[in-house]
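Please walk me through this structure.

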Amino acid sequence: MTQPIELWYWPTPNGWKISIALEEMGLPYVVKPVNIGAGEQFESAFQAISPNGRMPAIVDPEGPDGRPLSIFESGAILQYLGAKSGRFYPSDVRAKAEVDQWLFWQVGGLGPMAGQTHHFRQYAPAMIKDQRQIAYGVQRYTNETHRLYGVLNRRLADRDYVAGDYSIADMAIWPWVLPKHQGQDLAEFPHLAAWMERVGARPAVQAGRAVGEEQRANLAASGQAAEAARAVLFGQRGR
C-alpha cells in the first residue's frame, strides 16, 4: 500500500477491534478521531461513510478496484481487512466458517449484551435518581453477560484461540471482555482468563488497545460535561 487506511475511531471496545486488527496485520493507517461524546458521529461528513452514525468506519483509498472504498460495521471491516491482508482470516471454507461464527457471536451477542451491562451498571445510575427503576436492567444484562462468559469459557477449554488459529474472531471478542465494568469475576472462568492473558500479551494487541487512550473520558462521572455527553449518546431518536 502507498496510502494509509483512514480509521474513523474513538477509543471504545468497538474501536479497539479495528485498531488491534490494523496493528496485527501491519497495514498502514491514519486515525480520524470521532468524538462520540461531542456528537461528531452525527455529522454529515461522517454519516456519508457510516450511515448508522456509529464508529468505527474505514476508508481504504486503495480499494480492490483501485478506487476508495468505505466500510462501516466492525464485523464487516474485520472481514475486509483480513481478506485484504491475507492474515488472520482463512480462505478455506470450513476454517472461514468457524471464524465467521464466532465473529458474529461477538457482534450479535457479546457486544450488545455487554454494552447494555455497561449502560445499566455505569451510566444509568448517574442519570436516574430512583435506582429501583434500573435494578431489573442491571440484573438482566449482568446475568446474560455471565452466560456469554460461560459460553466462551467452555469454548476455550481445549484450545488456545476461539476458532482454531488466532484470528479476527479473537480480535473482535477480546476488547469486550471487561469484567470490572460488567460485574463479573474471571476466577469463575479460568479458560477465558488464560485466553485474555494470552491475547493481551501480544504486542500488536497492546499497541491497538492504546490508540487514543488519552482521549477517553469517564462518561459515568458527575458534572455538566459528562451529562452533556450522556445526552448525546443516549438521547438520540430517528430523524
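Which residues does T12 touch, not counting residues up to four places away in sequence? They are I36, M55 and R216, where contact means heavy atoms within 4.5 Å. This is a predicted model: local features need pLDDT of at least 70, side-chain atom pairs count only at pLDDT 80 or more, and totals for chains, interfaces and linings use all residues. Residues are numbered from 1 along each chain as its sequence is written, and side-chain values use heavy atoms, with hydrogens and water left out.

T12 sits in the loop between strand 1 (5-9) and helix 1 (13-25). Helices (H or I, at least four residues) and strands (E, at least two) are DSSP runs, numbered from the N terminus. T12 has 16% relative accessibility, so T12 counts as buried (under 20% relative accessible area, 1.4 Å probe, protein chains only).

Now the helix pairs. The axes of helix 4 (residues 93-127) and helix 5 (residues 135-155) come within 8 Å and cross at roughly 150°. Axes are lines fitted to C-alpha atoms over the stretch in contact, and angles run from 0 to 180 degrees between N-to-C directions. Helix 4 and helix 5 are therefore roughly antiparallel (over 145 degrees). On the helix 4 side, the contact includes W102, W105 and F120. Helix 5 contributes Y141, L148 and L152, among others.

Helix 3 (residues 74-85) also packs with helix 4, at about 150° and with axes 10 Å apart. Helix 3 and helix 4 are therefore roughly antiparallel too. Here S74, G75, L78 and Q79 in helix 3 meet D100, L103, F104 and V107 in helix 4.

Notes
Parallel < 35°, antiparallel > 145°, perpendicular 65-115°, else oblique. Buried < 20%, exposed > 50% of the residue type's maximum accessible area, 1.4 Å probe, protein only.
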